[in-house]
Amino acid sequence: MTTRICIVRHGETDWNVERRIQGHTDVPLNATGRAQALAMAYNAGHHHFSAIYSSDLGRAMETALALAEREGLEVRPLPQLRERHYGIFQGITAAEGAELHPTAYGHYSARDPSYDFETGESLLGFAARVREAVDWMLRHHGGETICAVSHGGVLDVLYRQATGRPLDAPRDFVIPNCALNWFRSDTHGW
C-alpha cells in the first residue's frame with residue numbers, strides 16, 4: 001500500500017526576501033507569497049487530497065488555506081510541522097549571526113546536529129519531531145494522497161530521510177516557496 005504525501009513550503013514572506021531566519025517567529029506572507037499560494041493551489045488542481053495538514057504558523061496556514069478552499073477541505077493544524085526553533089538566531093540574518101554570535105555561527109555553518117542555538121532546538125531534535133509527525137500522518141492515511149504545508153527546514157529533513165543523506169551534509173538542493181514536493185512511502189520505505 002503506497003501513501004503519497006505532497007509537502008509544500010509556505011509562500012514568501014518579507015523575512016524570506018531579507019534572508020532573516022524565521023524559525024518559530026510568526027511572520028505573515030507578503031503579496032508575492034499570497035500569489036504563490038494561489039498559483040500552487042491551481043497547479044495542484046489535477047491532484048485530489050484526502051486531507052490537508054499545515055504547520056500552525058500563520059505563513060503555512062495561509063498557504064494551506066488556498067489549497068483547502070479549492071479542495072473543499074479544512075486545514076488540520078499540526079504543530080509538529082513547524083520550522084526548527086533557531087533560538088538566538090531567530091529574527092537575524094546569517095551574516096548578523098556571524099557578527100553577533102561567532103561561536104554559534106560556527107555550529108550553524110557546520111550543520112552541527114547537536115547544537116541548539118542556546119534557547120532553540122537541535123537539528124537532531126528537530127528531525128525527530130518532523131519524522132514523528134510524518135509517521136503519524138502515514139499511520140492515519142495509509143494508501144491515501146495527502147498534503148502538508150510546512151517550511152524549508154522540514155523539507156530539508158524529509159529529503160535527507162528519503163535519500164539517505166546525513167543531516168550534517170551541506171545542502172546542495174533548492175527548496176522553493178510553494179513548490180509541490182512529492183514523497184511516497186510503502187513497504188519498501190521512502
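The points below go from the whole chain to single residues.

1. **Ground rules.** This is a predicted model, in which local features need pLDDT of at least 70 and side-chain atom pairs count only at pLDDT 80 or more, while totals for chains, interfaces and linings use all residues. Residues are numbered from 1 along each chain as its sequence is written, and side-chain values use heavy atoms, with hydrogens and water left out.

2. **Fold order.** The protein chain has 7 helices and 5 strands. Read from the N terminus, the order is β-α-α-β-α-β-α-α-α-β-α-β. Helices (H or I, at least four residues) and strands (E, at least two) are DSSP runs, numbered from the N terminus.

3. **Overall dimensions.** The protein chain has a radius of gyration of 16 Å, which agrees with the value near 16 Å for a compact globule of 190 residues. That radius is taken over C-alpha atoms, and the globule rule is 2.2 Å times the number of residues to the power 0.38. Along the principal axes, the C-alpha trace spans about 45 × 40 × 25 Å.

4. Of the 190 residues, 47% count as buried. Here buried means under 20% relative accessible area, exposed over 50%, and partly exposed in between (1.4 Å probe, protein chains only). Among contacts with a separation of 6 or more, 70% join residues 24 or more positions apart; a contact means heavy atoms within 4.5 Å.

5. **Surface and charge.** Carbon and sulfur atoms hold 51% of the accessible surface, which comes to about 9000 Å² (Shrake-Rupley method, 1.4 Å probe; for residues, only the protein chains shown count as cover). There are 18 positive and 23 negative side chains, and the centres of the two sets lie 4 Å apart. Lys and Arg count as positive and Asp and Glu as negative, with His and the chain ends not counted; each charge is placed at NZ of Lys, CZ of Arg, CG of Asp or CD of Glu.

6. **Nonpolar cores.** Which residues have the most contacts inside the largest nonpolar core? They are Ile 7, Tyr 53, Leu 81, Met 137 and Leu 158, in a core of 24 residues. At least two core residues come from each of β1 (3-9), α6, β4 (145-150) and α7 (152-163), and α6 gives the largest share, 8 residues. A second, separate core of 17 residues includes Met 40, Ala 41, Ala 68 and Cys 147. A nonpolar core is a set of buried Ala, Val, Leu, Ile, Met, Phe, Trp, Tyr and Cys residues joined through side-chain atoms within 4.5 Å.

7. **Two backbone angles to look at.** Arg 111 lies in the loop between α5 (102-109) and α6 (123-140), and has a positive phi of about 55° although it is not a glycine. Phe 117 is found in the loop between α5 and α6, also with a positive phi of about 55° and also not a glycine. Arg 111 counts as buried because its relative accessibility is 18%; Phe 117 counts as buried at 1%.

8. **Glu 12.** This residue sits in the loop between β1 and α1 (14-18) and, at 18% relative accessibility, counts as buried. Its C-alpha atom is 4.0 Å from that of Gly 33, 21 residues apart along the chain. Beyond neighbours within four places in sequence, the contacts of Glu 12 include Leu 29, Gln 36 and Asn 177.

9. **Tyr 108.** Helix α5 carries Tyr 108, which counts as partly exposed at 29% relative accessibility. Leaving aside neighbours within four places in sequence, Tyr 108 is in contact with residues including Ile 21, Phe 89 and Phe 117.
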